[in-house]
Amino acid sequence: MKSTPIIRLTRRAFVAAGGSLALAVYLPQGRSSEAEGFRPSAWIGIDPGGDVSFVCDRTDMGQGSPWALARIVAEELEAPWERVSVAPMPDNPAGWPRSMGTGGSTAVSGSYDLLRKAAASAREMLRLAAAVEWGISPSECVCRDGVVTNRATGARLGYGALTAFAAQLDPPQDPPLKDVSEYRLVGRSFPRPDVPPKTLGTQRYASDVRLPRQMTALIDRSPWPGSVGRRAVYDASAALNLPGVADVFEIPGDEHRPPGVVVLADDFWQAHKARTALEVRWVAPEGGSASGTIDPEADFRRRLVTALYEPAPLARSEGNVQEALQGPGVRRVTAQYEAPFLHHATMEPMNCTADVQVNRCEVWAPTQAQTRAQQVAAKLTGLPIEAVHIYTPALGGGFGRRLENDYVAEAVLASQYAGRPVKVMWTREDDMQHGYFRPAAISLMHGALDEAGELTVWRQRVASPSVLRQLRGMDIEVDTAALHGVADLPYRVSNLEVSHGEARSPVNVGFWRSVGHSFNCFFVETFVDELANAAGRDPYAFRLSLLPEQSRMSAVLALAAKEGGWGRPLGPQSGLGIACSASFGSYVAQVARVSVVRGELRIERIDCAVDCGLAVDPATLEAQVSGGILYGLTAALHGRIHFDGNGVKERNFDSYRMLLMNDTPEIRVHIVNSGAPIGGIGEVGVPPAAPAVGNAIFAALGKRLRALPFEVPAAQNAPVEEQL
């Protein structure tokens, strides 16, 4: 067998040959010059001093994903972590290699493979540059800690010294990737640079933007979306006579964004006083009420209940449900569950600053969707999309609300009218009333057990508004987002039917943290508990019997049960509840321990096992999952949006309560690194929280709670057996 020849080249010979050892370009390359160093791709830069800059194109909403992504780059690049920095997000999404937007728990999971390849490609280019410098084969070179070392001689070249030559090379098409077992940075936790400024209050957010000649705008909006035909009745004279007030004018709305009356002033408080002085009334085209109905909330619920029984296309059908329900000895269980409209309740209300000029538009927006924000601004201004620049300051929470860019449109329209930079500020009351709410939903469930207590039938109808149709305008037969966790039910059932009944919402609906999983997990996991109770079986063991052996779901269930003390005796009016969920490529199970003393519910502890394939940063994962659990508990105990003819009733945190610190349970997160493809983390803690607590309340009191938010104690409501 012949040995592979070793190619030895000088740098001059390599350059003369045109870099023929390099393979085809597969990643978008940044422009490189000797002064700026080495930019092998759009995401990575190495300067002549050896410092690495990572350009993050995913929004940080407090979840820390930019530093997790930078860790992936540093790992594969073999760069020292202390020499890696995160650069600002690019301001021109139209010129970026992929769409800029952050949602669906994809910030890390959707970038993991791409950034590994980009970093590995850069590493191999540096290795090749060193090999040519020494006239040896690249296989004789080792990259480590930002240095390339000659195996034979021990000679060393820092990455910075190689940047000029490496910049002349083409990236390899399929660079070798490190094995996970070799990771030294990924899988460890490091201090996050964003924590000190947030802790000390020095972090700058979008509301801190200050531009020359900038004015502040507050807007009085129609209380209902789709209010294009409604007109504002007001007298601007009192507002215009107040000090610091420059103008009052109207901006149009669209299908999802209500029209508004804009007050332009020197600062926030002057604009706030002036808006109060307007006393705007919104009049329907024919002089009717703004909502067009006497009781919009009751009217909507009637439509929701009707959608439970009207014909609807099946999203999933297996076996023969009707025939199985009629079998001998079948025990039937029926239940109906409800979940209300919910607000995102970000700590930072919506705001945006825009500066519309003749040939350029600049926008400072705390957005999750930079590409869409750029498209919105370009459409409103008529400018080429490349002339619109989106700057993304830190976000004070997103949770899906900032996927919509209604507040961006308002700032652009206001600046365009005023001819100067305008910052549109929302008060908390504005934010509460004009959200894109998590849809309310009702689910009717039918199950059947055979004589041995085995589940033989699962029939479920979910009735809710369609976010995909109502918000995105998609022409669809079934809204898959409304059936998250149901159409892909993880349990094995031989006879199964799943359908969605659509009811149009009178208020804007949008993607809320964990989307359809947020209510469907409550429906599914509470009903599984009811079925287990009807079969006289342990809820944990019953779930395991419905799952494949050695599955990822059964593994997290077993770990949560073990750590949560499942099966251990508890005191009176105390109980354990279990629930699990597969969402966003990850598997989660939670065990909640609760007690009810003198009618007061106390959630004492939640043990959560999570498998996202690989924990890039365990501390960040734990924080994200814990935050998701708290978000889910807030909704389970307090969350509910009401509305009437004047729009949304809730105005602030006094009427839309948050979970307080003294109500927060001990949360323990247990990580499973299964080695599966990496999944999401930001939303996966939310879905199981409510059903785990609800099932624990049943264990403690024997009372089944089928509606959110929970009211404790509740009347006895055992499963209903009936002929279907």
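Arg-303 lies in helix α8, which spans residues 296–307, helices (H or I, at least four residues) and strands (E, at least two) being DSSP runs numbered from the N terminus. The model is a predicted one, in which local features need pLDDT of at least 70 and side-chain atom pairs count only at pLDDT 80 or more, while totals for chains, interfaces and linings use all residues. Residues are numbered from 1 along each chain as its sequence is written, and side-chain values use heavy atoms, with hydrogens and water left out.

With a relative accessible area of 31%, Arg-303 is partly exposed, where buried means under 20% relative accessible area, exposed over 50% and partly exposed in between (1.4 Å probe, protein chains only). Leaving aside residues up to four places away in sequence, Arg-303 touches Ala-503, Arg-504 and Pro-506, contact meaning heavy atoms within 4.5 Å. Between the C-alpha atoms of Arg-303 and Arg-598, which are 295 residues apart along the chain, the separation is 38 Å.

Arg-598 itself takes a positive phi near 50° in the hairpin of β22 and β23, which has two residues between the strands. The pairings of β23 are set out below, two strands being counted as paired if DSSP finds at least two bridges between them.

| Strand pair | Sense | Bridges | Residues opposite each other |
| β23 and β26 | parallel | seven bridges | Asp-611 and Val-672 |

Helix α16 (residues 552–563) has twelve residues and reaches 17 Å from its first C-alpha to its last, close to the 16 Å expected at 1.5 Å a residue, the expected span being 1.5 Å times one less than the number of residues. The buried residues of α16 are Met-553, Ser-554, Val-556, Leu-557, Ala-560 and Ala-561. They lie on the same side of α16, because they cover an arc of only 165° around the axis, an arc taken from the directions from the helix axis to the C-beta atoms. Their cover includes α15 (539–545), β21 (574–583), β22 (586–597), β23 (600–611) and β26 (666–672). After α16 comes Gly-565, whose phi is positive, near 75°.

Elsewhere, strand β13 (residues 331–339) contains Thr-334, which counts as buried at 9% relative accessibility. The side chains of Thr-334 and His-446 are joined by a polar contact of 3.3 Å, that is, a pair of N or O atoms within 3.5 Å of which, within protein, one must be able to donate a hydrogen and the other to accept it, residues adjacent in sequence counting only if both atoms are side-chain atoms.
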